[in-house]
Amino acid sequence: MTAPYRKVLVAIDCSDESAEVLARAAGVIEGTEGELHLIHVIEPLALAYGADVPMDVTDLQSGLVKQARETACKYAQQYRIPKERVHVELGSIEKTIVDKADILGADLIVVGSHTRSGLALLLGSTARGLVPGAHCDVLAVKMDRKKKE
């Protein structure tokens with residue numbers, strides 16, 4: 001029998017769907033000694049919009065990080081995840097998640113996955129982008145759009 005997951009890194013986007021991703025991750029370690037870590041990654045504005053940003057966006061970026069940390073901590077409280085296990089970071093989303101999983105020694109990354117079609121399917125998703133670089137298992141929690149409608 002396979003050993004239970006001991007360290008689970010849950011990647012959230014701080015949307016309402018984050019609760020569903022967290023619930024699934026909590027279920028994976030239920031009844032074990034496992035611990036949850038939460039990560040939310042913000043792409044730097046210069047990376048998202050190209051290097052030609054005509055103004056200093058430091059204050060805006062700091063505000064986004066502060067707001068994301070507050071939201072992530074609210075989700076973490078629901079699952080008794082201590083603040084020191086809540087990670088809000090700037091960087092490339094997939095690379096930052098994989099790097100954090102490596103640093104923590106995570107044996108599972110849990111992330112939400114949307115059904116994609118058209119151009120979004122060609123561009124890929126965070127869940128799909130994590131698998132090749134991850135050194136641990138990746139669980140993609142399928143988000144059902146029809147539930148929301």
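This is a predicted model: local features need pLDDT of at least 70, side-chain atom pairs count only at pLDDT 80 or more; totals for chains, interfaces and linings use all residues.
A pocket here is an open set of points on a 1 Å grid over the protein atoms alone, with protein on both sides within 12 Å along at least five of seven lines, and its lining residues have an atom within 4 Å of a point. Grid points are joined across faces, edges and corners, and a volume is the space filled by probe spheres set on the points.

View 1. Residues are numbered from 1 along each chain as its sequence is written, and side-chain values use heavy atoms, with hydrogens and water left out. The largest pocket holds about 350 Å³ of space. It has 22 lining residues, and Ala11, Ile12, Asp13, Val111 and Thr126 sit closest to the centre.

View 2. Helices (H or I, at least four residues) and strands (E, at least two) are DSSP runs, numbered from the N terminus. Two or more lining residues come from each of α1 (18–29), β2 (35–42), α4 (93–104), β4 (108–114) and α6 (126–133).

**View 3. Thr71 on its helix.** Look for Thr71 in helix α3 (residues 58–78). Cys14 is 57 residues away along the chain, yet the C-alpha atoms of Thr71 and Cys14 are separated by 6.4 Å.

Notes: On a 1 Å grid over the protein atoms alone, a cavity is a set of points where a 1.4 Å probe fits but cannot get out, and a pocket is an open set with protein on both sides within 12 Å along at least five of seven lines; lining residues have an atom within 4 Å of a point.
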